[in-house]
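User: I would like to learn how to read the interface between two chains. Please take me through one case.

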Amino acid sequence: MLQVQNLTKRYGAKVLAVDNLSFQTKEGEIYGLLGPNGAGKTTTLRMIATLLEPSEGSISVAGFDVRTQAEQVRRNIGVVNGGMGLYDRLTGREILEYFASFYGMGKLDIAKRIKELSTALEMNELLDRRAGEYSTGMKQKIVIGRAVIHNPSVLILDEATNGLDVVARRAVLEFARAYKGAGKVVIYSTHIMSEAEELCERAAIIDHGRLIAEDSIQALKTRASAQNLEDAFFTLTKGAN
Amino acid sequence: MRWDFVLKVLFKELLSTWRDSRTLRATILMPLILNPLILLGLPILFNSTQSSEVEKRQVVGVIGLERMPASLKKLLETDSVQGKGIELKTVTDATKSVQDGDTEATLVFKQTLPTEAGGSSVPIEVHLKLSSQKSRVVADKISTAIDTFSNQLVAKKLASVGLPEQTLRPVVAQTVSADTVAEKASGIFGFFIPLLLLSGIIAGGQSTAIDSTAGEKERGSLEALLVTPISRFEVVIGKTLGVTAFALLSAFLSIISLLGTGWFSKNVLPRLMKSDTPLSQLFGGNIALDAQGYLILLLIALTAAVMLSALMLNICIFAKSFKEAQTYLVPLNLVVSFGSIGLQFADFLQRSSLLYAIPLVGTMISILDLIKGKGGFGVAMIVVVTNLVFTAIFVALALRSFKREQVLFRN
C-alpha cells in the first residue's frame, strides 16, 4: 500500500533531514513512525503527502509514484497533523463540503459521506456552527473528517493528539482503529510511546533522519529487553547513536 | 486549469472574507466614509480656518513706529470688507517676537516713510514665518494696507499734475479660466482621487490577501488544501480572484462615493454653508466624466485591482503570520501614498508612453489625466496592458512561491 525506499531529504548542503529511509506498510494496519521532535518524521510524511519533494529515493502510495503521479497520490491519502487548522468563519459542514469538492464527489455523495462521518465522529449537532466557536476536540474531529472525506486508502496522523484532552484523544485513537478495520493503512507518527504501544502493530523508530529499527511492537520490546515501548525506544536509539 | 476548482477557492475566499467584520469596515465603510471626509472635510476645514483667521485681529509688532505715517497706521488697524484689521504693538526684536509667538509678524521701519510719491522707494521689512499658513493671512493684510497706502500717494501725485489714477495702469490683465468641466471638477484636490481609488483597492483586497495566504499558513489550513488534488496554479488563480473581488468592490464604492461627494459638494453644501461659490469650485476633488470616461476609469481600476491583488498575494505568502503580512504590506501603502502626493506636481511631468508603462505610476497619472479630461483611450490602453502584463508576472511569481518549500514551510 505504501512503500518508502531509500528516501533522503536535504536542505542545502548542510542539513540532512531524512537519511536513506525505507519502510513499507500493509493493508489494514496501523504503522507507527516514532521518534523525538526533529527526528524527521514530519518531513517524511510531507514527502509522502507530495508537499515536499524527495532529494533521493522513491515513495509509492497505492501504486502511484509521488514524483510523477502526485495527483493520484493525493487522491489516495488523507493527512491530519497537530498544526492543521480550520477556516474559523466557515461552518464544519462548509469546510467538509469544500474539501470534498476537490475529489470530484457529487453533492449527494458529499452529503452522505458527511452524515457517515458526523455519526462516526459524533459531531452532529455542531456541524452547522462556525469553526471559530469549536472546542479543540471538535476542531480535531473536523480536521479528521476533512482528511478522510474522500475515504483515502492511507491516512496519515502526524502528532494528531497534540493539545487534546483525554476525551478528544481517545476519540482520535478509536477512529484510527476503526479506520484500520476498514482495510486501510494508518500511519501514526508520534513522540508519545504509550500511544504507539496502545495503537500500532508495527513501527519504525527514527532518529536524526535515520531508521534505527523497524519491527512489530512486541519484537522491538524483545530486541531491547524492555518492559515497554518507551524503554525500548531509549535503548535502541542510545545503541544506534 | 479546472475552472470549477478555481471557482470553489474563489467562493470560499468570498464567503470567508464576507463574514469578517474587519472586511466590511475596510471594504465598505472606508471608501464610503473616508472619501467624503477627505474631499469635503479638508476644504471645509481649510476654508473655515482661513475665514476665522481673516476675521481675527492679529497682533503685529512694530519697530520704528514714529517713522510710520498715520494714514498707513490707520489702514493697517481699520477693518475692511476683506476682514478685520491688525493690532500694532511696539517690540524691540523683530524676529524674536515672531519666533516667541508674541506677534504674528513684525514691521520694521528703518527710514521715515514718505508722505508723497516721487522720491526713491523706501523699504519696510516684514518679519514673519514664511512656512506658516497662518502667517500668510496676516502677510496678505499687511501687503494690502501697504499697497493701498502706496497707491494713495501715487494717486495724490498724479492728481497734482492733473492726471487720473489710471495713468500708471493703461493696460489691465483679466484672468479667464480655460479649464474644462472635468478640470474644474478635479481642481487642486484632484490628486486625491487616484490616492483614494488605489488606497481603496489595497484596503479592500489586503484583508483577503493576508487571510488567504499568511493566515492560512499560520492556521495550518494551507497545508491541508495543498494535499487535495487541486493544483497550485488553481489555488493561486482562485485566491487572486478572491482578493480582486474585494479590491474591486472597494474601488467601485470609492467611485460611487466620489460621485456622491461631488454631487453633495455642488448641490447641497453651498446651501448649507450659505455660500454662492461651491467648495467644489474652489478646491475640486470631484469627477465629471462622460460615459466613455467612466468606462475607461473602470477599466483602469479593474486591471489595477487585479495587478495589486496578485502583488499583495505575492507579498503576503512570504509572511509567517497575519501580523507579519500586515507589516510587509506597509511599504505598498506608502508607495501609493507618496506617489499620489507627488501627483501634485504632475503638470510638470513630460508625458510619454514609457511613463504610462511604469506600473502604479502610470495608473495614478492616467487616472489624474482622465479626471482632468486629458486622458485618451490610447493612454488608457498602455496602462491596461501594463497592468495585465504585471499581473501575469505577479501570478507567475506567486505560483513559484506556492511551490517553494522554503516559503510554504517557513514555520
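**Reading an interface**

Analyst: Across the interface of chain A and chain B the rule finds five salt bridges; a salt bridge is a side-chain nitrogen of Lys or Arg within 4 Å of a carboxyl oxygen of Asp or Glu. One of them joins B:Asp211 to A:Arg89, with the closest N and O atoms 2.9 Å apart. This is a predicted model, in which local features need pLDDT of at least 70 and side-chain atom pairs count only at pLDDT 80 or more, while totals for chains, interfaces and linings use all residues. Residues are numbered from 1 along each chain as its sequence is written, chains are lettered from A and ligands numbered from 1 in the order written, and side-chain values use heavy atoms, leaving out hydrogens and water.

User: How many residues of chain A are in contact with chain B?

Analyst: Contact means heavy atoms within 4.5 Å. By that rule, 29 residues of chain A are in contact with 27 residues of chain B.

User: What area is buried between chain A and chain B?

Analyst: The size of an interface is often given as the accessible area lost when the parts come together. Here the buried area (lost to a 1.4 Å probe, summed over both parts) is about 2700 Å², and carbon and sulfur atoms give 57% of that. In chain A, the residues that lose the most area to chain B are A:Leu51, A:Arg89 and A:Phe102, together 29% of what that side buries.

Technical notes
Buried area = accessible area lost by both parts, 1.4 Å probe.
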